[in-house]
Structure formats: structure tokens, C-alpha cells
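Hello,

Please have a look when you get a moment.

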Amino acid sequence: MDFELTEEHKALRQTIREFGAAEIMPGAKERDEAARFPHELIPKMAELGLFGLMIPETCEGAGLDGVGAVIVIEELARAEAAVALIVASHNSLCAGHIFKFGNEAQRKKYLAPLARGEKLGAWALTEPTSGSDAGSLKTRARLVKDSWVIRGEKLFTTQGSTAGIYIIMASTEPSSGNRGISAFIVERDTPGLVVGRVENKLGVRASDTAQLHLEDARVPKENLLGELNRGFRDALTISIWQGGRIGIGASAVGIARAALEDSIKYARERRQFGKAIAEFEAIQWMLADMATGIDAARLLVYRAARLRDQGRPFTKAASEAKLFASEVAVKATNSAVQIHGGYGYMKDFAVERYFRDAKVCEIGEGTSEVQRLVIARELLA
Ligand SMILES: Cc1cc2nc3c(=O)[nH]c(=O)nc-3n(C[C@H](O)[C@H](O)[C@H](O)COP(=O)(O)OP(=O)(O)OC[C@H]3O[C@@H](n4cnc5c(N)ncnc54)[C@H](O)[C@@H]3O)c2cc1C
């Protein structure tokens, strides 16, 4: 396996790193405290092609490979995890689902505005009574004449109140369980699609997480995405979720790296007992463990992305990357707060935000427990 990034990948990393430092980092604290969506960043990120990362240029995307996409997500997360979540979910879940399973007309109508960043994408599977057991969802879609009529509740939808295009997963054949679930493209102004409560969260507070009420939302028959009754399997088994998991892994690496970089700086500056705390072995060991975890996590993320690029199976690799990187991020951000001492507990330093932001990586797109189930299932298959 080649561990060296191409010159294009390195240039991409530099561009996004500079963009993150200049455009994202300065407003991150304010957005976190106010739980304010970064509307001002959307056109700038659109200009960089960040809303069509892996969408081919023929469909107005940036045409990156999977490794390029995880480089982007890591750099965004290093700047602000909430921004990385917006870009990752838009790309891997919503745009990715339409690109992979949409027909020509759907790609033309919906993919181009998503890739250009004119419309944000959301992807709604989770419901009040179905999270990890997502296949037990209760939202129903019935075909009435030429329309699908969708009724149900969706919970914790990223971009729930800001998206222009939603993928809604609904049961079309309840007696078949998760083999009777289909995906639908639903436009924001569809009558019956009602945005509910916007959640007040522990971390990634600038991202938009909302409830959706589908009150007999009527979508045209042709907005069925992919084959009837295959929506859940398409999402789960082909690549939507697995691609999403690699993205969360990349995001976790970015958050952990932010924690490490801030900690190195602080440890050099902060003096106790007449010397910089960086001179204490206890601090050095924490830094060394953080760096080692980050490097290992990044390699797992790159490996999963590369397998995906090569068209090889990557279910286990994606879950391993997501699981490991999330746990590294939670541990590294905890160490970062520790290294900052009491100051790390205060809002003046960004490490407390990293600490809160990291936690979502262990929950979204399948909890750590679910990732372990997936890995074990692959091992025992
Ligand atoms: C910020 C944020 C953004 C999100 N964005 C989206 C989105 O855009 N679209 C979307 O559809 N969803 C989204 N989600 C939902 C997310 O995918 C779910 O929260 C997650 O899958 C877990 O489901 P749950 O919250 O219902 O927890 P539960 O499934 O109720 O889990 C509770 C606990 O039980 C454990 N558990 C459950 N089943 C098992 C098992 N079989 N074995 C062992 N342990 C188990 C879990 O690991 C967890 O510890 C988002 C969530 C968050 C927090």
C-alpha cells in the first residue's frame, strides 16, 4: 500500500487548511456559543467545490477520489467540527445517495444544485423509536395515483431546517421490515414537509439538527430514489452509510489534531514550577499518545477510502476507521483539556469545544457499539 499522498492531494490539503484558518476558525467560537448555522461560509465553500466532493465534473462536482474527500473533511474538522459535519453529511449521504442510485433525470434535476452548493442536502432515516435499529422505522409511504404520500416523524436530521433537498427513508411494504423500505427525494417546499424542533446540542452546535414531520407530504411518483423496497439495503450495504462512516472517521482525526496542535502550543507556553509544562514527562506522554492515536486513525481512514476508490469491499475497514478514530478523538480531546488544566475547562480556550464536539463521532452514523457489531459480523461471516 502506498502511504504517500499525490501532489494533487497535498495541494488540496494546503488549500483547505488555509481556507480553514482564514475563513472558518475566526468565527467558530461565536457560532458554537450561539448555536448559529454558518450561512456566511456556504457560498465560499461552494466556490471551492466542497458540496460536490466526489461528484464527477460532468455533474458539476469537484470529481475528487475518496482520499481527496477525507483530506477535505479532516481539514474542515480541524477548523470547526460542525462545518465538517455539514459538508460530510451533505456529500456522503444526500448527494452520494442521489449520485449512486438516482436515474439520469434525478441526477440532472437534483445533483447539480447540490454539487454547486445552491441547495443543501439532508438525509433522514432516524426516528423517535428507531435509531440503531433503523430498519424498524415507522414512516410510511403510500402510492396514491401519481404521488407518494409520506407520513411519519424523523429525528436528528442534519441540515433538517436548512436543506433544500431531503432524502427520506420510508416503509413501502411494512410486512417486509427493512426489505420494504424505500428512499424518496423530497423538496423543501413540499406541502406536508414540516420542520419541527431544532435541537440544542452538546457539541457541533453550529450544525443544524432538526426534527421533521411528514404530514401526508406528497411527492411525485418519479421521486422514488433507486428501486422500490431497496432503499435501506442501498444505503446500508452498498456505500452510503459506509462512505459516511469514513467521513466521520476523517472528522474525528481533524478534531483530535486540533486538540493536539493546541496542546503542544499551550504546553510550550504554560509555566509551572519554573519550567514549561512541556518539560514534564506526564505531559509529554499525553502528547505522544495523542499523536500516535491520530496517525493510526488517519491510516485507517485512508485505507478505507482507498479500498472504496479501488471498488473493493470496505465495510469492515470503514467501521474500523470510524470506531477507532472516534475513540481517539474522544481520548485526545480529553487529554487536551487535561493539559490545559483549569483553563481547559473555560470557554476561553477552544479545547473545551473540541471535547464536546468529539463525542458525536461515537454516536452518529452508527454508534461505537454498532460499529463493533458490524466488525464482528464481518469477522464471523
Ligand atoms: C448530531 C447528530 C446528527 C445526526 N444526524 C443524522 C442524520 O442526518 N440523519 C439520520 O438519519 N440520523 C442522524 N442522527 C441519528 C444517529 O444516527 C443516531 O442517533 C444513532 O444511530 C443512534 O441511534 P439512537 O440515538 O436512537 O440510539 P439508540 O439506538 O437508542 O442507542 C442507545 C444505546 O444503545 C446501544 N445499542 C443499541 N442497539 C445495540 C445493540 N444491538 N447492541 C449493543 N448496543 C446497542 C447504542 O450503541 C447506544 O449506546 C444524528 C445524531 C446526532 C447526535
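Seven nonpolar, six polar and three charged residues form the shell around the ligand (Ala, Val, Leu, Ile, Met, Phe, Trp, Tyr, Cys and Pro count as nonpolar, Asp, Glu, Lys and Arg as charged, the others, Gly among them, as polar). This is a predicted model, where local features need pLDDT of at least 70 and side-chain atom pairs pLDDT 80 or more, while totals for chains, interfaces and linings use all residues. Residues are numbered from 1 along each chain as its sequence is written, and side-chain values use heavy atoms, without hydrogens and water.

Of the 16 residues around the ligand (a heavy atom within 4 Å), T126, S132, F156, T367 and E369 come nearest.

Now the polar contacts (pairs of N or O atoms within 3.5 Å). The side chain of T367 has an N or O atom 2.6 Å from a ligand oxygen, and that of T126 has one 2.7 Å from a ligand nitrogen. A polar backbone atom of L125 lies 2.8 Å from a ligand oxygen. The protein buries 64% of the 980 Å² that the ligand exposes when taken alone (Shrake-Rupley method, 1.4 Å probe).

Domain 2 (121–228) and domain 3 (239–380) each give at least three residues to the shell; these bounds come from an automatic or database assignment.

Best wishes

Technical notes:
A polar contact is a pair of N or O atoms within 3.5 Å; within protein, one must be able to donate a hydrogen and the other to accept it, and residues adjacent in sequence count only if both atoms are side-chain atoms.
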